[in-house]
Amino acid sequence: MLRYAASRLLGIVPTLLLVITVAFFLIRLAPGGPFDQEATLAPEIRANLEAAYGLDQPAWAQYGRYLKALARGDFGPSFKYRDFTVTELIRRGLPVSLTIGFLALLLAFGCGVAAGCVAALNRGRWLDPLVMGGAVIGVIVPVLVIAPLLQLLLGIELRWLPVSGWRPGTVSDLVLPVTTLSLPLTAYIARLTRGSMLEVLSSNFIRTAYAKGLPVHRIILRHALPPALLPVVSYLGPAAAMLLTGSLVVEKLFGLPGSGRYLIEGALNRDYTLVLGMTVVVATLTLTLNLVADLIYAWLDPRVRLQVEAARS
Amino acid sequence: MRREGGLWRDAGRKFRSRPATLAAVAFLAATILLAWLGPALSPHAFDALDYAHLLSRPAAGDGHWFGTDDLGRDLFVRTMLGLRISLAVGLLATAVSVLIGVSYGAVAGYLGGRVDGVMMRAVDLLFALPQFFFVLLLAVLFDQNLIVLFLTIGAFGWLVMARIVRGQAQSLKHREYIEAAIACGVSTPRILVRHILPNVLGPVVIYATLTIPQMILLESLLSFLGLGVREPLASLGGLVADGAAHMDAAPWMLLIPAGFLSALLLAFNQMGDGLRDALDPRER
């Protein structure tokens, strides 16, 4: 299992390299440069600036230098936020984004699986269509509609929660962003869980478990849930991409100091290093989550697990 | 009963027998008609500033049926404009992604072997990456004009379509009529166009319908972040962003475009589900 994980981890490297390469040359292909907005720049100063950042060299040389620095963990200086390196900017925004993303993922996983199980176990009764009707709305109504509606209702009308803002360590500031971010994911996971749970519940080994006289909670938790979770686990990768997209909206609406704005501003300002740095972070995060999903899958599914172990010996 | 067209006629009957689908189709037809004709009915232009009516409530009296925004622009006309842009981007981007996805999938599935392996590995790779992130980068870097916008958005929606079509093409390629065509010396491109494509039409139509709301959503996300359609034009996402900024003083600015956007997405999804029920034999 460990060796499988290691080999999969190594497999990320070429993908990552490809993404960096594409992003690197794409940005340089785009019209405009990082110093365009400073209209009063004298040509000499501009030349000096470009020389200082190595922009006067051919693109291939810049690319080589960038990769070399990246291998040391150095993302380079930001072109726009002059006094900061990209590493500092990322270190500033990323913890906020990761906090709400991780909490939203946990919430969505917990609530989604629970709701899906409840719906599957109550099939044919009133609870099932109720939960699934809610899930349809949750999947379709986008975050950018849900978020301001919740702000309007809970923040402005009822005054239960702060409308927006971020004070480190304050839980009430987290409630609305995390809930909003997790809603579509919860709905999707609930649908997935219900479908696969129904399939598992109708299989022979569950019937055998009932026939043996096992208590119902044991059948559900020990026998039905693990195989029913497989599709949910393989959804973890796409879910990460969905969270990333959602968090751009949520960070903007709730005024959170996350890394989303560095991404957008970086692209608008042609801040090459900042955009590349964010690309590396985002790609690494999603690829890692995909890997984690695969590993959990292999661990949960005896067919894959045995295959992996057989390949080792 | 006539034999010809039996499959499609069955599908049509099944499609019409589902109330949610009918409601969705009726809503879409009404919305398209409204977006098309609506602006002509109103006395206001979409970018005219009316300083006498800043943030005024929806009312019939002054012709601002949906109220006005913070610059006094008429919200009815702007919402209709937003609908037009969102619909246009949704349909065109879907067309782009169908074009790429179908040809990519058909070629990979029909040729098979190593070509197929490489092509589908590339799709897997793209799947693992956050696509919205790259749409966003492209949209920002290559100027935010409408054509670039729907090309970029469309260029990222074709992955699932390619997988579906590839699977279908793979199972079709060993059918007798394809072998007969090969034996007759029909060229590969012609087999693809004349024999494979018509037979994958069902799933393509279903998935294309489900792609439209995704494309609309993608565009509205971009516009919401201020990276999509530029002022004074507006898509539904941009209007929702404006509305969110003024929701304490003028909640209608948020609620009206948000309502239209959600209803539009819901209707397209319902229509897609209806088509799937009607056309997908596995569901019967």
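User: What are the ground rules for numbering and confidence?

Analyst: Residues are numbered from 1 along each chain as its sequence is written, and chains are lettered from A, with ligands numbered from 1, in the order in which they are written. This is a predicted model, so local features need pLDDT of at least 70 and side-chain atom pairs count only at pLDDT 80 or more, while totals for chains, interfaces and linings use all residues.

User: How many helices and strands does chain A have?

Analyst: Chain A has 13 helices and 0 strands. Helices (H or I, at least four residues) and strands (E, at least two) are DSSP runs, numbered from the N terminus. The C-alpha trace of chain A spans about 85 × 65 × 30 Å along its principal axes.

User: Why is T186(A) called buried?

Analyst: A residue is buried if 20 or more other C-beta atoms, placed from the backbone, lie within 10 Å of its own, exposed if 12 or fewer, and partly exposed in between. T186(A) has 26 C-beta neighbours inside 10 Å, so T186(A) counts as buried. This residue is found in helix α7 (residues 171-201) of chain A.

User: What does T186(A) touch?

Analyst: Leaving aside residues up to four places away in sequence, T186(A) touches A108(A), C111(A), G112(A) and G138(A). Contact is taken as C-beta atoms, placed from the backbone, lying within 7 Å. V250(A) is 64 residues from T186(A) in sequence and 16 Å from T186(A) in space, C-alpha to C-alpha.

User: Why does L183(A) count as buried?

Analyst: L183(A) has 25 C-beta neighbours inside 10 Å and therefore counts as buried. L183(A) also lies in helix α7 of chain A. L183(A) touches G138(A) and I146(A), again not counting residues up to four places away in sequence. L183(A) and V141(A) are 42 residues apart in sequence and 9.6 Å apart in space, C-alpha to C-alpha.

User: What share of chain A counts as buried?

Analyst: Of the 313 residues of chain A, 35% count as buried. Of the contacts in chain A between residues at least 6 apart in sequence, 74% join residues at least 24 apart.

User: What makes helix α10 of chain A mostly covered, and how does its span compare with the one expected?

Analyst: In α10(A), 17 of its 19 residues are buried. The helix (residues 236-254) reaches 25 Å from its first C-alpha to its last, close to the 27 Å expected at 1.5 Å a residue. The expected span is 1.5 Å times one less than the number of residues. G255(A) follows α10(A) and has a positive phi, near 60°.

User: How do you know how α9(A) and α12(A) are oriented to each other?

Analyst: The axes of α9(A) (residues 216-234) and α12(A) (residues 272-300) come within 9 Å and cross at roughly 165°. That makes α9(A) roughly antiparallel to α12(A). Angles under 35 degrees count as roughly parallel, over 145 as roughly antiparallel, 65 to 115 as roughly perpendicular and the rest as oblique. Axes are lines fitted to C-alpha atoms, for helices over the stretch in contact, and angles run from 0 to 180 degrees between N-to-C directions.

User: Which residues of α9(A) and α12(A) meet, and of what class are they?

Analyst: P226(A), L229(A), L230(A), V233(A) and S234(A) in α9(A) meet A293(A), I296(A), Y297(A) and L300(A) in α12(A). By class, this contact has 8 nonpolar, 1 polar and no charged residues. Ala, Val, Leu, Ile, Met, Phe, Trp, Tyr, Cys and Pro count as nonpolar, Asp, Glu, Lys and Arg as charged, and the others, Gly among them, as polar.

User: Why are α3(B) and α6(B) called oblique?

Analyst: The axes of α3(B) (residues 75-111) and α6(B) (residues 146-154) come within 8 Å and cross at roughly 50°. α3(B) and α6(B) are therefore oblique to each other. The residues of this contact divide into 8 nonpolar, 3 polar and no charged.

User: What is the orientation of α5(B) and α6(B)?

Analyst: α5(B) and α6(B) pack at an angle of about 160°, with their axes 10 Å apart, and are therefore roughly antiparallel to each other. The contact is made by V135(B), L138(B) and A139(B) of α5(B) and L149(B), T152(B) and I153(B) of α6(B).

User: Which helix gives the most to the side of chain B that touches chain A?

Analyst: The contact takes 31 residues from chain B and 31 residues from chain A. α12(B) gives the most to the chain B side, with 8 residues. That side has 24 nonpolar, 6 polar and 1 charged residues.

Notes. Contact = placed C-beta atoms within 7 Å.
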